[in-house]
Amino acid sequence: MAYDGGSGPSKPPPPPRYVMLTEEYGSSSLATVPPGASRNMPRHRITDGGGLRGCLCWCCCFLLLLVVAVAATSAYLLYACRPKAPSYSVSDMSVARFDVSSSDLTVYAKLVASVRAENPNDMVGIGYGAGSRAAVSYRGTTLCSGRLPAFYQGHRNTTVVRVAMEGRHGFGPGLQGALEESEEAGNVPLDVYVSAPVTLRLGDVDLREVTVNVHCALVVDGLSPKKKPAIKSAEYRVNVEF
């Protein structure tokens, strides 16, 4: 026990009112915490994402309802209109000029084909726009080409379009000999190609535009301008590009 000037024993210091147990370098120790220090400790704010999740859920439900409504409307229109594919055929062909030149190995042809288009639909009209193309070839070699006129075809309508085609193209001796043999036999194979942009119309509303491609494999008895060729057989293929 220590003495201070003989006046009596000294009193130990009072214990701290606030202590915090800390662990430093693997050993426990006591540290004094000042009053009010724990009240100023930083806190992390937790954000509630319930509102954002609700907004996303509402958007997904709206898009789902929109898709269902569009699908139901399309199904109803298809059921009510019951659209049918139009049919095409070459009903007639005439030869205005057909000259084969042996000197420069070319052929100059001027043909007119009558294309018959039939629309069997009750509620759907068909509009044929500009930018169409028609061509006639013999064994892969183009003889002449032209364009279809732009026109609108109404419900349950049959329209015959006269397509004038003209052109000069190379025509080698092998093709000239084959053509002479075909004409002597009375069987001249021709390929008629027609491609046209088509727009379907439901009432007063124009639907999307598609491209209709028609391939007609014809066999005629000749290509002489002096005699109207007779169509002996025809096979058709129709392809639609969306």
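Leaving aside its neighbours within four places in sequence, which residues is Asn157 in contact with?

1. Asn157. With neighbours within four places in sequence left aside, the contacts of Asn157 are Ala117, Glu118 and Asn119, where contact means heavy atoms within 4.5 Å. Asn157 belongs to strand 9; strands (E, at least two residues) and helices (H or I, at least four) are DSSP runs numbered from the N terminus. Its relative accessibility of 27% makes Asn157 partly exposed, the class between buried (under 20% relative accessible area) and exposed (over 50%), with a 1.4 Å probe and protein chains only. Asn157 and Asn121 are 36 residues apart in sequence, and their C-alpha atoms are 8.4 Å apart in space.

2. Basis of the model. This is a predicted model, in which local features need pLDDT of at least 70 and side-chain atom pairs count only at pLDDT 80 or more, while totals for chains, interfaces and linings use all residues. Residues are numbered from 1 along each chain as its sequence is written, and side-chain values use heavy atoms, with hydrogens and water left out.

3. Overall content. The protein chain has two helices and 12 strands. Along the sequence they follow the pattern β-β-α-β-β-β-β-β-β-β-α-β-β-β. Of its 242 residues, 29% count as buried. Among contacts with a separation of 6 or more, 64% join residues 24 or more positions apart. The chain exposes about 16,700 Å², of which carbon and sulfur atoms supply 58%; accessible areas come from the Shrake-Rupley method with a 1.4 Å probe, and for residues only the protein chains shown count as cover.

4. Helix 2, length and faces. Helix 2 covers residues 173–185, and its 13 residues should span 18 Å at 1.5 Å a residue; the end C-alpha atoms are 19 Å apart, which agrees. The expected span is 1.5 Å times one less than the number of residues. Gln176, Ala178, Leu179 and Ser182 are buried in this helix. Viewed down the axis of helix 2, the buried residues fall within an arc of 165 degrees, so they line one face; the arc is taken from the directions from the helix axis to the C-beta atoms. Pro173, Gly174, Glu180, Glu181, Glu184 and Ala185 are exposed on the other side.

5. Strand 3 (87–101), strand 6 (133–138) and strand 10 (188–202) are what the buried residues of helix 2 pack against. Gly186, just after the helix, takes a positive phi of about 75 degrees.

6. Non-glycine residues with positive phi. Arg139 has a positive phi of about 50 degrees although it is not a glycine. Arg139 sits in the loop between strand 6 and strand 7 (141–146) and is exposed, at 53% relative accessible area. Arg156, also not a glycine, has a positive phi of about 45 degrees. The loop that holds Arg156 runs between strand 8 (151–153) and strand 9 (157–170), and a relative accessibility of 57% puts Arg156 in the exposed class.

7. Cavities. The structure holds two cavities of 30 Å³ or more. A cavity is a set of points, on a 1 Å grid over the protein atoms alone, where a 1.4 Å probe fits but cannot get out; lining residues have an atom within 4 Å of a point. Grid points are joined across faces, edges and corners, and a volume is the space filled by probe spheres set on the points. The largest cavity holds about 140 Å³ of space. Its lining has 16 residues, of which Tyr88, Val115, Leu148, Val194 and Val214 lie nearest the centre. Strand 3, strand 4 (106–119), strand 10 and strand 11 (205–220) each supply at least two residues of this lining.

8. Thr199. Thr199 is in strand 10 and is buried, with a relative accessible area of 18%. Not counting residues up to four places away in sequence, Thr199 touches Gly125, Ile126, Gly127, Asp206, Leu207, Arg208 and Glu209. Thr199 and Thr211 are 12 residues apart along the chain, with 8.6 Å between their C-alpha atoms.

9. Ala217. Ala217 is found in strand 11 and is partly exposed, at 26% relative accessible area. Beyond residues up to four places away in sequence, Ala217 touches Leu190, Asp191, Ser233, Ala234 and Glu235. Leu190 is 27 residues from Ala217 in sequence and 6.0 Å away in space, C-alpha to C-alpha.

Definitions and conventions. On a 1 Å grid over the protein atoms alone, a cavity is a set of points where a 1.4 Å probe fits but cannot get out, and a pocket is an open set with protein on both sides within 12 Å along at least five of seven lines; lining residues have an atom within 4 Å of a point.
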